[in-house]
Structure formats: structure tokens, C-alpha cells
Amino acid sequence: MVLSRHLDERVWLLNRQGKAAIAASAQGHEAAQLACIEATDPSKDHYLIYYRQFAAMMALGTEPEEMLRGFLAKTDDPMSGARQFPLHGAHPRVDLFNFSNVIATQLPQAAGVALADKLKGSDAVTVVFFGDGASSQGDTHEAMNFAGIHKLPVIFFCENNRYAISVPLEKQMGVESVASRAVGYGFPGVQVDGTDVGAVYEVTNVAIERARAGDGPTLIEASVERLLPHTTDDDHTRYRSSEDIVQMLNRDPIRILAELLKRRGQLTDSGDEEIHALAKKRVNLATDTVDAEPYPSVESMFDHVIDSSGGHS
Amino acid sequence: MTERTVIEAVRATIQAEMRRDSSVIVLGEDVGIRGGVFLATDGLIDEFGEDRVIDTPLAESSICGIALGAAVNGMRPIAEIQFADFVWPAINQLVGEASKVRYGTNGVKTAPMTVRVPYGGGVRGGLYHSQSIEVLFAHTPGLSVVAPATPFDAKGLLATAIRTNDPVIFLEHKRTYRLVKGDVPDADYTIPIGKAEIKRPGTDLTIIAYGLMLHYALQAADMAAANGISVEVLDLRTLRPLDEDAIVESVSRTGKALIVQEDTLSVSISSEVAAIIGERCFFDLDGPITRLGPPEIPPMPFSPIQEAAFMPSPDKILAAITKLAEI
């Protein structure tokens with residue numbers, strides 16, 4: 001969590017230095033992403049992520065160097081060979097993918113992945129992540145409807161940070177919550193404090209067990225804060241009040257977790273500082289390494305358009 | 001060898017591929033008990049069950065998005081779009097997503113999926129049951145687009161499409177479904193994507209066509225033969241990638257090209273074919289590259305008289321042949 005935060009901050013610095021063309025931050029979303037992943041089994045489960053899944057990528061074992069290769073568009077970017085925006089493509093070791101920047105396309109795809117598992121008799125679960133903005137798309141409705149009909153092993157994990165870039169929740173939906181919509185699809189919808197790692201782990205665990213048992217999907221809505229603007233190209237002071245920004249900063253999940261652990265006597269101030277220092281050192285090392293790496297060759301842009309072997313099954 | 005209609009060839013091929021490979025599944029609107037509105041999947045649910053023949057809700061985007069997700073997780077889905085006119089809600093999942101799976105993941109993921117799309121007019125379908133939608137797909141790198149016109153080609157190309165490790169848009173002209181019959185071998189065979197075929201050899205000019213227009217072109221070529229004009233007819237069969245060499249070879253030999261299509265001419269397959277001929281056959285041409293298509297109005301009126309006026313026909317093609325041959 002701390003490493004994800006430090007690397008995330010570094011990427012924004014690299015953007016301001018003109019080295020990272022674009023970044024979307026997970027700062028404020030880390031607890032929700034990490035705790036959700038923790039309840040899954042990366043050896044067999046599937047993950048369809050979206051552009052703000054920085055911490056989820058880290059939780060699934062992506063090394064800082066691998067993350068930076070995406071942000072700096074270097075040749076060894078493991079997700080897409082630097083063809084796509086950072087975090088887009090497919091993960092080299094776990095079944096995680098993120099084809100596009102178009103919002104909510106991953107939800108029907110997740111239903112399809114889960115359908116395939118059901119047909120194969122696998123007990124793998126598909127976890128699909130999306131934001132509150134994506135909840136407005138027709139694909140979201142279509143995916144949940146289909147998943148409900150077929151009781152597919154899929155978890156719809158919504159990270160609700162209350163803003164679709166600048167558009168606040170009250171202009172996105174006429175209901176109180178995204179989770180309340182689950183009733184329309186015939187499966188449970190639960191709200192959880194996305195800054196509370198324990199609570200997110202618990203609800204995800206219940207959803208995972210339900211899915212593995214063949215009882216169908218769950219919609220989880222984790223309330224989180226987007227601590228930074230939408231992306232490096234956004235300025236949220238244009239649409240968020242200063243009161244809103246101050247309140248939001250009080251819900252920083254890393255501070256909340258550190259304070260909890262300190263109250264319980266499980267973390268000391270010096271221990272906390274040491275964790276941050278180690279993370280920073282790791283980030284410095286990764287930055288130096290990747291900064292010196294080459295960009296992909298022009299020739300490689302012609303690879304993998306279609307099956308060059310013309311290969312058939 | 002069995003004589004089959006186009007729709008019978010499609011159905012038999014789906015059945016054969018489902019028997020051959022248990023990862024092949026069918027999904028779409030009314031594909032189950034109803035057997036599809038054109039009966040392309042008639043009886044398949046009885047043989048393969050509702051796990052592999054899936055009646056979906058009426059939602060085209062998710063039909064294609066679900067097919068895509070299942071494809072990247074080991075299935076070979078055949079998604080049916082009931083009418084081409086209804087494919088627009090799914091464009092994002094096909095043009096935006098499926099086409100870029102291999103490229104956008106640097107080859108880590110692939111999407112072996114076939115999307116069957118009944119298209120085309122001349123069936124009293126009006127504005128929303130007559131459309132030709134091939135151009136947008138044919139414009140998209142990462143997709144293959146095939147448009148067979150005969151039962152033989154439908155079988156061979158559909159088998160190839162299903163077995164291909166990338167997304168294929170499989171266009172079936174509705175008017176040919178029961179109109180066109182032909183001998184189809186019972187044995188397994190495939191036809192490669194990207195290969196056109198000369199359906200009728202000739203020496204005076206080349207007609208380039210696909211789908212229903214192929215048959216109208218062949219009829220017109222017969223009529224022209226009675227007038228002493230020898231017309232070669234080239235069936236494109238695949239619209240992406242176009243068989244450039246076959247086009248160039250035929251037109252270079254005959255010296256004249258007439259491209260016939262049912263789709264709106266502006267920025268279309270015929271535009272691309274004309275560009276290829278212009279670039280590669282310039283010094284062999286004995287006349288202007290000629291195109292015949294419908295007027296530039298929304299396809300196509302429901303009224304029978306207006307529909308007939310809209311559609312290219314053997315007579316209209318014959319007139320174009322005669323004019324071009326006289327140059």
C-alpha cells in the first residue's frame with residue numbers, strides 16, 4: 001500500500017518532468033483495491049481492471065519497474081509493449097487485462113469470461129473493477145443483467161469516488177447508491193467503506209465464496225476518495241470546493257490504516273517511517289533503472305495486428 | 001455432395017464445427033428454441049443443449065462483449081446479430097475492443113470469435129432491415145470481414161472464421177439465404193480468408209462484386225454474352241483484407257473494371273477497389289474505372305417500387321457493361 005502510494009506519487013513527478021505522458025492515480029483507492037485482491041486467488045481468478053487500478057496491479061505482484069515501463073512507454077512494458085496507456089493490455093503472469101479506455105466495456109467482457117468458466121466447470125471467479133462513472137453506461141446494465149440470469153461467478157467491484165471526472169454523484173444517478181441497483185438484477189449489492197481494509201476484505205470474501213459455490217454475482221460498492229484530480233491533465237479545484245477537498249483528505253486510507261495499527265500497538269512511529277523510507281528507496285531504484293531503458297523500435301509497431309501465422313485451431 | 005441453400009450451408013457448418021470442437025458456442029437473440037429468425041441455428045439447442053446454444057437478452061453490445069470475454073477465456077463463440085441494422089450498439093465491443101485485443105496486449109491475448117451478421121436489402125426490409133454495414137468493419141485493422149455469396153463459399157469461409165484465432169465479421173446476405181442454391185461437399189474443407197475467386201472468366205471487362213450483387217453480375221454477364229461481350233466476374237468473398245492481387249490480375253488482363261455494390265458508394269468497398277486499380281493497373285486500363293451502386297439516400301425505401309429503384313439489378317448492370325464495353 002505504501003509502495004503503491006510512493007510509486008504513484010513518483011509517476012506524477014515524472015509527468016511534471018515531461019517523462020510520463022499521462023497518469024491516473026489510485027491515491028485514495030488503495031485500501032479498496034488491495035483488500036479486494038487479497039480475498040481472491042490470483043493463481044486461478046480473473047481480473048478485468050480499469051485505468052485507476054494502480055494499487056490492484058501492485059497487489060497482484062507487478063514490480064515497480066514493470067509499472068514504470070508502462071508509464072514511461074518503454075520497450076519492456078509487460079502489459080502492451082508500450083502501445084497502450086499505462087495499466088492497459090494484459091498482465092504477463094496473472095489473468096488480468098484491460099483492453100481499452102472506453103468506460104464500462106470490461107463489464108460484459110467479464111460476464112463472458114465468467115460464462116466460459118461456468119461452461120468449463122472451473123471454480124475460478126472473475127472480478128471486474130469499475131468506477132461510479134461506469135455505472136451509468138448501458139454496458140454495465142447489460143452485463144449485470146446477463147450475469148444475474150446465468151448466476152455467473154463474477155464480482156462487480158465499484159470504486160465509488162463520487163466523481164466522473166468533474167460530474168458529481170447527484171448528477172450521475174437518481175438513487176442513493178450504485179449497490180442499490182443490484183436488486184434489479186437478482187443478486188446482492190453491498191456498500192462498504194473503501195478506506196477500511198478489513199471491511200473490504202470481509203465483503204469480498206463473502207462474494208468470492210458465493211461465486212465459487214455457484215450462487216452467482218455480487219455487486220460491491222466501495223466508497224473511496226479520489227485524492228488527486230482525475231488525471232495529470234485535470235485540475236479538480238475547478239469543480240471541487242475547498243471544504244470537499246479538506247474533507248476528502250481526511251479519508252486517506254493509508255493514514256487511516258496507520259493510525260489504526262498504531263492505536264492497536266501494531267505499528268510504531270519509527271516503524272511507519274521505516275516502511276516509507278524503504279518504499280521510497282525501492283521507487284528510486286526502479287526509476288533509475290527504467291528511465292535508462294529504451295523505447296520500443298518503430299518496427300515492433302507492426303507486430304500482433306492479426307495472427308501472422310494465419311494459424312487456425 | 002449435397003445441394004444446399006446458403007442458410008442450410010451456414011447451419012450445417014455451425015453444427016459440424018460444434019461437433020468438431022467443444023469450445024464452439026453460439027449466442028444471440030432467439031438462437032435457441034426458435035432456431036434463429038432465419039433458422040441458422042435450427043435444432044442446434046436439441047443437439048448441444050442450452051449451455052452451448054445461448055438465448056441472450058435483447059442487448060447487442062453485451063452479446064458481442066460476452067462473446068469477446070468468453071473468447072479470451074478459451075471459447076470460440078459464434079455471436080449472432082439478428083439483423084445487421086441492429087449491430088450499431090455493438091460497434092464499440094467489435095471495432096473498439098475486439099479488433100485491438102491482440103495488438104493492445106502485444107499478442108498476450110487473442111479473441112477467436114465469429115460474429116454472424118445477416119445484411120443487405122431487396123427483401124422489403126425498409127430502413128432497418130436492409131442495411132449494408134460492411135464498410136466500418138472493413139475499415140478496421142485487426143478485424144477480418146468475409147462476405148460469401150454461395151453455399152460452397154459460405155461453408156468453407158465459416159469453418160475458417162470459426163477456427164481463426166482472431167475476430168471475424170461474417171456477413172450473410174439475407175436475399176441469398178434461400179435464393180441461392182449450390183452443391184456443397186459433405187466433407188470438411190476450408191477456404192482461406194483474403195482470397196477472391198473468378199466466378200466467370202471473360203476477356204472484355206471485369207466486374208468486381210460480392211454478396212447478392214455477385215449473382216446479379218453473373219446474370220448480367222450472361223445477358224452481355226448474348227450481345228457478344230465477354231465479361232469476367234470476380235467475387236471478392238473477403239472484404240478485409242481485400243485480395244489486391246486477384247483484382248489487379250483480372251483488371252490488368254481485361255483492361256476495364258466495373259465495380260458493383262449494393263452499399264452506398266461514397267467511401268466504400270468500391271472506393272477502395274477503385275483506388276487499388278488506379279494505383280496498380282493505371283497503364284493497363286482501356287477505360288474509366290466504373291462504379292454502379294444505389295443512390296446516395298438512406299438505404300432503403302420500404303415501398304416496393306422505390307426499393308426496386310434503389311437496388312442495382314441485372315438490367316442496370318447490363319447497361320453499365322454495355323456502356324463500358326463500347327468505350
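What follows is a set of questions and answers about a predicted model. Residues are numbered from 1 along each chain as its sequence is written, and chains are lettered from A and ligands numbered from 1 in the order in which they are written. In this predicted model, local features need pLDDT of at least 70 and side-chain atom pairs count only at pLDDT 80 or more, while totals for chains, interfaces and linings use all residues.

Visitor: How far apart do the C-alpha centres of domain 1 and domain 2 of chain B lie?
Guide: Chain B is divided into domain 1 (2-184) and domain 2 (197-326), with bounds that come from an automatic or database domain assignment. The distance between the C-alpha centres of these two domains of chain B is 26 Å.

Visitor: Which element gives the largest share of the side of domain 1 of chain B that touches domain 2 of chain B?
Guide: 26 residues of domain 1 of chain B are in contact with 22 residues of domain 2 of chain B; contact requires that the C-beta atoms of two residues, placed from the backbone, lie within 7 Å. Two or more residues on the domain 1 side come from each of α6 (134-138), β6 (144-146) and α7 (151-163) of chain B. Helices (H or I, at least four residues) and strands (E, at least two) are DSSP runs, numbered from the N terminus. The largest share, four residues, comes from α6(B).

Visitor: Which element supplies the largest share of the side of chain B that touches chain A?
Guide: 39 residues of chain B are in contact with 39 residues of chain A. At least two residues of the chain B side come from each of α3 (60-72), α4 (91-97), α5 (101-104) and α7 of chain B. The largest share, nine residues, belongs to α3(B).

Visitor: Which strands stand at the edges of the open sheet of seven strands in chain B?
Guide: The order of this sheet is β3-β2-β4-β5-β7-β6-β12 (chain B), with mixed pairing; two strands pair if DSSP finds at least two bridges between them. Each edge strand has a single partner strand, so one side of each is left without a neighbour in the sheet. These edge strands are β3 (53-55) and β12 (238-240) of chain B.

Visitor: At about what angle to β4(B) does α3(B) run?
Guide: α3(B) lies across β2, β4 and β5 (114-119) of chain B. Axes are lines fitted to C-alpha atoms, for helices over the stretch in contact, and angles run from 0 to 180 degrees between N-to-C directions. On that basis, α3(B) runs to β4(B) at about 170 degrees.

Visitor: Within what arc do the buried residues of α10(B) fall?
Guide: The buried residues in helix α10 (residues 244-254) of chain B are B:Ile247, B:Ser250, B:Val251 and B:Thr254. An α-helix has 3.6 residues a turn, so residues three or four places apart point the same way. Seen down the axis of α10(B), with directions taken from the helix axis to the C-beta atoms, the buried residues line one face of the helix because they fall within an arc of 90 degrees.

Visitor: Is B:Leu214 buried or exposed?
Guide: B:Leu214 is found in helix α9 (residues 212-226) of chain B. A residue is buried if 20 or more other C-beta atoms lie within 10 Å of its own, exposed if 12 or fewer, and partly exposed in between, with C-beta atoms placed from the backbone. Because B:Leu214 has 29 C-beta neighbours inside 10 Å, this residue counts as buried.
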